[in-house]
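Please look over the sequence and the model shown here before reading on. The report that comes after them is meant to be read with both in view.

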Amino acid sequence: MNPDGSQVTEFQTAAITEFSTKAVSLLQADGSVINSVNITNVNGTKISTEIQAPPGVISKITTAGNIVMSVPPITLSDGTKSTITSNIDSGGAATSTMKIEMLSGQVLTTTTNMPAQAKTVINESGELTTTYTPPYSPTNAIAETSFKVGSDGSVTTSTTVKNAAGNLVVNDIKTPSGSTTNVNATGEIETVTTPFQTLAGNTVSTQTVTTSSGTIESTIRVTFPDSTESSVFTLPDAEPGTTLEIVQDAGGSGKVVLLVPLDPASLSSQRSKKLLIANNTSTGNYFVGRKISSSDSVYIFPFSSTTQLRIEKPFDAAHTAIQLERGNATIEIGQNVSRTIEIGEIFLISNQAADVSLSAGINLIGFPVKTIISPINFSTTFASVHSVWLWERSAQKWEVYTPDQELQTAYREIGLTNISAALESSEGLWIYTENDTIVTVGDKGNYEVSNDLSALKPGWNLLGTQHEVMIQSLLDRNSQIRSIWNWKDNRWDAYFVEDGFEAMANQRSDINIISKTSKIPTNAGFWIYLQNSSGFSRISFPPNYVHDNREAKLLKK
């Protein structure tokens, strides 16, 4: 007991190799409680996760060093009952859950899952506020995020991010009651709404992701009545400084509404982070979708720093509406239409996602559209596959992702690295799946392999292409290319610069020799072998996780 009437309870867990943990519960004189889990890493770094709660809260510290707490039910003015539970595990990760019991009998649950070092405050009105500041990283634009869960379970997420011009701006995302928010250690935020039924009988769920670059990705999945099939829509990547609201109308329908700032000096979402994909030749453009009656790309070209675009996607419609709210801009539709947009003028476009069809077994793919898949999206995008394999060209080694956590652990134990960076269209991927399946990716326009392939590394390089590309065209882009390989019909199509290698390859049944005029097909992944620094070239098969590597034994558990 402290002189001020407060009381402290501490529990020290047994130290393990990576860190030691102390769980602390402070009962203050007014009956409120501050619970925290304090972690000291092996290097002496200290971090703390904290939850403050009003009088009446029930707290428990477990023998594992977890803190579990519950707030007594709160009855709101409309008769709705709200119950909050929060816990901090011994690693500092915090989960808060608000259960809303409606007078109609419907129960909605809003959940936030936070990494270590988050700070949460629960007030007497049943509102919950959490702040999180991710560790500094030169590649991370997220500075700080604040989550406010209202007593009705709705969530307002305000994220301070740095835009491409280096200015701090705020993203605001508003989601209705019944959502789950996950935040990873780098501060990326994923919010998924509970599926609900619209007036037309469609079942809708939404996902919004704030990426480490500060842009917002929005995905809408619509399942039609008496059907298991869904349509997936991916809205344009929203620039830093965007306001996004998910609206569920009382009439049973709803929509997603975005207000997107389009300052030509700070546009970021349309720029590839990789060096092996050609960015659009025109600068300052913003891809919004495709023409409904064709696959023509639709771009907005803003001309003033005050330009703002309204994007609205109704849940019961196939189209997306875009409208210039202020500023100056032109619209470009395909190669034939380019004109000034009037303020208030509405255009209807399509934001249908792109499908990647995969056959049971191994697939060497290139993406069918320009896309970026953030790590926080891997579990959703690749839920139906066994594993995804990325060749890290600088280190000349494999990186892997699998939705199976047990298998992911097994891969780490044999020395494989998890894929940690976003996947982009310039990269070819090996994808292994046990059954025929479809992977859905966001459509961010078209892409081409860069005319400058100087970023290729000595040794093996795995690329992807949306369009056909001629072998001669690739050879013209880097004089150090020694061979090019494409996986087709369970054998290799290969081109060799040196005639001697071609003669040797002709003796093998698993290699089909192709010429300079041959083409890598659409949506394909392909290997390029570059001469090493000593000038030595050799004939060898491209790295293949199924045939060559020790992880092959883990393909079947």
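What follows describes a pocket and then a set of salt bridges.

## Basis of the report

This is a predicted model, in which local features need pLDDT of at least 70 and side-chain atom pairs count only at pLDDT 80 or more, while totals for chains, interfaces and linings use all residues. Residues are numbered from 1 along each chain as its sequence is written, and side-chain values use heavy atoms, with hydrogens and water left out.

## The second largest pocket

Rolling a probe the size of a water molecule over the atoms shows where empty space is left. A pocket is here an open set of points, on a 1 Å grid over the protein atoms alone, where a 1.4 Å probe fits, with protein on both sides within 12 Å along at least five of seven lines. The second largest pocket has a volume of about 680 Å³, a volume being the space filled by probe spheres set on the points, which are joined across faces, edges and corners.

The lining of this pocket (residues with an atom within 4 Å of a point) consists of 35 residues, and T219, R221, V232, T440 and V441 lie nearest the centre. Elements that each supply at least two lining residues include the strands β18 (203-210), β19 (216-223) and β39 (437-441), as well as the helix α1 (378-381); helices (H or I, at least four residues) and strands (E, at least two) are DSSP runs, numbered from the N terminus. By class, the lining has 11 nonpolar, 18 polar and 6 charged residues, where Ala, Val, Leu, Ile, Met, Phe, Trp, Tyr, Cys and Pro count as nonpolar, Asp, Glu, Lys and Arg as charged, and the others, Gly among them, as polar.

## Salt bridges

Side chains of opposite charge can pair when their charged atoms come close. With a salt bridge taken as a side-chain nitrogen of Lys or Arg within 4 Å of a carboxyl oxygen of Asp or Glu, the count comes to 7. One of them joins E312 and K255 at 3.6 Å, N to O; E312 lies in strand β26 (residues 308-314) and K255 in strand β22 (residues 254-261), so the pair ties together parts that are 57 residues apart in sequence.

E325 forms another salt bridge with R310, the closest N and O atoms being 3.8 Å apart. Because E325 lies in strand β27 (residues 320-326) and R310 in strand β26, this pair ties together parts 15 residues apart in sequence. Salt bridges that share partners join K255, R310, E312 and E325 into one network.
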